[in-house]
Structure formats: C-alpha cells, structure tokens
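The following exercises are to be worked with the sequence and the three-dimensional structure at hand. Each task is followed by a solution in steps.

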Amino acid sequence: MSPEGTIAKPVKDLASAIRVMVVDDSAVIRGLVTSMLEADTHIQVVASCANGAIALQTVNRVDPDVVILDVEMPVMDGITALPKILEARPGTSIIIASTLSQRNAEISLQALALGAADYVPKPVASRIGSNEEFRRELLDKVRLFGNRSRARRPRTETLHVHTPVAVKAPPRPRETPVITLRRPGLLRPNVLAIASSTGGPQALNVLLKNIPTSINVPIVITQHMPPTFTSILAQHVAKASGWPCHEAVEGETIQAGTIYVAPGDKHLTFEKQGTGAKVRLSSDPPENFCRPAVDPMLRSLSSIYGPRILVAVLTGMGSDGLKGGREVVAQGGTVIAQDEASSVVWGMPGAVATAGICSSVLPLNDLQTNIVTAFMGGRP
C-alpha cells in the first residue's frame with residue numbers, strides 16, 4: 001500500500017492494545033497524531049490513511065477499535081466516509097478531528113447525529129505537537145471509546161496482518177454502583193442549570209425538545225466545548241427546543257423563557273441583579289481541565305438563587321459538576337442526573353449520583369418529565 005495508506009507492522013500485544021486507524025490528508029498531522037497515540041503502551045496505530053476512500057479500502061483489513069477521522073479531505077471527506085465505515089465495521093468508534101472553524105463545527109455536530117462517538121478540536125499543524133490539551137483529550141477519548149468498542153466486539157478471528165489474536169475472556173461482572181437518593185428541594189425553582197460534556201449535544205436536544213417555554217424560567221447550559229462550536233450548538237438547541245437560545249453575553253440580564261449557553265473558553269458565571277442575575281464571563285484558569293466548567297456556574301447560581309435552583313447533570317467524562325452540585329444541595333436546591341444506561345459516558349452524572357446528592361437518576365425522557373413537573377409546581 002502507498003505511503004498515503006499504510007498498515008502498521010504490529011509491535012505491541014494486539015490482543016490487549018486498542019487498535020486505531022488515523023485518517024487525515026496531512027502526512028504531518030497523521031505522523032504527529034500517531035506519535036501521541038503510540039506513546040501509550042496500550043494503543044496501537046494499525047493504519048494511516050490520507051482520505052476516506054483509502055480508509056474504506058483499509059478498514060476491514062485492520063479492524064480498528066477507533067477511527068480518528070478528519071473532516072476536510074480530497075477524494076472522500078470525513079462526513080461522507082463516516083456512515084460507510086460504520087456500515088463496514090459496526091461497533092467501531094469514530095472520533096471526528098476538525099479545526100476550529102464555523103463550517104467544521106457544524107459538520108462535527110452533524111457527524112455526531114450520523115453516529116460519530118465524539119469529536120476533538122484539532123489545532124493547526126504547527127501547534128499540534130506541542131498542544132498538551134489536544135494530546136490529553138485525544139488520549140482520553142481513544143482509551144474510553146476504544147475499550148468500549150473492544151467490549152462490544154471481542155475478536156475471535158485472525159487479523160489480515162497474520163497476527164493471531166487470542167479470544168477475549170468474558171469480562172467480569174461489574175459491580176452496580178450504590179445510589180442513595182435525597183429529598184428534592186421544597187421550593188419551586190427559578191432557574192434550570194444543565195451540565196453536559198461527551199454525548200451532550202445529542203442529549204441536550206432530546207432533553208429540551210418537549211420542555212415548554214411555559215415553565216417561564218431561564219435555562220443556563222455549560223457544555224464542554226471549544227469556541228465556535230458553542231455558537232453552533234446554541235443554534236441546534238434553538239432549533240430542537242423551540243426556545244430562543246444563544247451564547248451568553250457579558251453583562252446581559254438573563255430572562256425567563258430563554259436558553260443561555262456558556263461560550264467556548266469562558267466560564268459562565270452570574271452576579272445578582274435585583275431579583276434576578278446577569279452574566280459574568282470569566283477567563284479564570286480551567287477547572288477539572290475544562291473552560292467552560294460546570295462548577296463555577298453552579299457556585300455562582302447557588303449564591304444568587306439559594307434553594308430555588310434545579311440542576312440536571314447529563315452525560316460526560318470526568319466529575320465536573322460534583323463540587324458545584326454539593327453547594328447546590330447545601331443551599332437547599334435540587335440535583336438530578338441522567339442514568340448510566342442512557343448516557344454516552346456516565347462520568348459526570350455518575351459522580352453526582354454516587355455521591356448521594358441527587359433526587360432522581362433517570363433516563364433522558366424521564367428526566368424531561370421530572371423537570372417539567374418541578375417547574376409546574378410539583379416535586380421532582
């Protein structure tokens with residue numbers, strides 16, 4: 001195969017390594033991404049391809065757990081290749097790698113709707129090798145989705161590279177986490193705060209599509225996303241929900257019946273103004289490796305609304321929202337979370353659920369009903 005579509009020689013124990021195919025039209029980026037991934041002893045880059053057409057010719061031969069897929073490529077772009085790769089190798093996790101342009105942000109969210117597992121914002125080639133945030137996010141997501149793909153598709157066959165692969169032993173039964181629920185707050189909430197990360201764009205659309213504007217409160221969202229992506233996310237949320245929705249703007253007073261999204265690379269916090277609150281955007285250091293982060297948002301809301309706040313923690317990696325959620329319940333507010341079965345990643349919701357600070361832990365559709373009930377005068 002040509003240098004534009006190469007199959008790696010096996011150098012690691014392929015029975016245990018996460019197998020990755022890198023697809024990008026830039027040979028420099030393919031090389032840098034490969035070096036980052038293979039620094040991890042549990043990851044093996046099994047193929048490197050210059051476009052979607054070569055990836056399709058290669059995918060069945062190398063059987064990857066994860067495909068890192070560029071958006072803009074000649075011959076066949078990423079959005080065209082994505083469903084074809086999933087059809088050829090069901091169960092493979094595809095992570096879209098796209099630059100921070102408005103067009104690519106739109107395409108990345110479209111890719112999630114087509115079945116991509118997640119995305120990583122890709123720095124320009126001159127900065128990619130020294131960008132620690134990109135390296136960390138890439139490795140975290142490859143490990144997460146690679147292990148998930150391997151669990152779904154244990155291999156029993158011999159790979160095309162003629163390396164025998166042992167039959168994977170059945171996984172040990174995982175212990176079911178203990179969840180202790182607490183009573184919800186006694187007062188009707190005056191604001192809904194939503195926290196989300198990996199899998200969040202799809203979850204937000206599902207959660208908000210049937211929440212009526214008649215609940216008559218502001219909704220504030222912190223979704224872990226880079227700049228540009230959050231403005232596109234706000235447009236998608238507005239379309240899915242029927243609510244007015246935009247990126248929060250410094251100094252604006254939040255209004256009932258409107259959804260506000262934390263802008264990428266800014267913490268969304270609030271300052272008391274009369275009986276309500278106004279937006280304060282912050283460039284303070286990242287928290288939980290994130291900016292925007294959920295904890296600053298919840299801390300500021302708790303100081304303003306006290307017991308009159310309802311927090312919904314949706315799918316996402318990590319534990320962002322746990323510390324802020326503790327402050328919410330300490331003030332008499334209410335925290336609810338998405339359940340594990342309906343979450344793409346049960347990191348953030350799992351953290352608040354197993355900490356015993358949630359009043360409900362439910363599938364998305366049930367969370368939706370729970371939220372409407374709380375704001376219509378019932379109790380979640």
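**Exercise 1. Locate Lys-278, state whether this residue is buried or exposed, and list its contacts.**

Step 1. Lys-278 belongs to strand E12, which spans residues 276–282. Helices (H or I, at least four residues) and strands (E, at least two) are DSSP runs, numbered from the N terminus. The model is a predicted one, in which local features need pLDDT of at least 70 and side-chain atom pairs count only at pLDDT 80 or more, while totals for chains, interfaces and linings use all residues. Residues are numbered from 1 along each chain as its sequence is written, and side-chain values use heavy atoms, with hydrogens and water left out.

Step 2. Lys-278 has a relative accessible area of 16% and is therefore buried. The classes are buried (under 20% relative accessible area), exposed (over 50%) and partly exposed (in between), with a 1.4 Å probe and protein chains only.

Step 3. When neighbours within four places in sequence are left aside, Lys-278 is in contact with Gly-251, Glu-252, Thr-253, Thr-269, Phe-270, Glu-271 and Gln-273. Contact means heavy atoms within 4.5 Å.

Step 4. With one of these residues, Glu-271, Lys-278 forms a salt bridge at 3.6 Å, N to O. A salt bridge is a side-chain nitrogen of Lys or Arg within 4 Å of a carboxyl oxygen of Asp or Glu. Glu-271 counts as partly exposed because its relative accessibility is 34%.

**Exercise 2. Describe the surroundings of Ser-282.**

Step 1. Ser-282 also lies in strand E12. With 13% relative accessibility, Ser-282 counts as buried.

Step 2. Apart from its neighbours within four places in sequence, Ser-282 is in contact with Asp-265, Lys-266, His-267 and Arg-291.

Step 3. From C-alpha to C-alpha, Ser-282 and Leu-268 are 6.7 Å apart in space, and they are 14 residues apart in sequence.

**Exercise 3. Examine the salt bridge between Arg-136 and Asp-140.**

Step 1. The closest N and O atoms of Arg-136 and Asp-140 are 3.5 Å apart.

Step 2. Arg-136 and Asp-140 are separated by about one helical turn, because they are 4 residues apart in helix H6 (residues 132–152).

Step 3. Arg-136 counts as partly exposed at 23% relative accessibility, and Asp-140 counts as partly exposed at 26%.

**Exercise 4. Characterise the largest pocket by volume and lining.**

Step 1. The volume of the largest pocket is about 980 Å³. On a 1 Å grid over the protein atoms alone, a pocket is an open set of points with protein on both sides within 12 Å along at least five of seven lines, and a cavity is a set of points where a 1.4 Å probe fits but cannot get out; lining residues have an atom within 4 Å of a point. Grid points are joined across faces, edges and corners, and a volume is the space filled by probe spheres set on the points.

Step 2. The lining of the largest pocket has 35 residues, with Pro-121, Glu-133, Arg-136, Glu-137 and Phe-289 nearest its centre. Strand E6 (118–121) and H6 are the elements that give two or more residues to this lining. H6 gives the most, with 7 residues.
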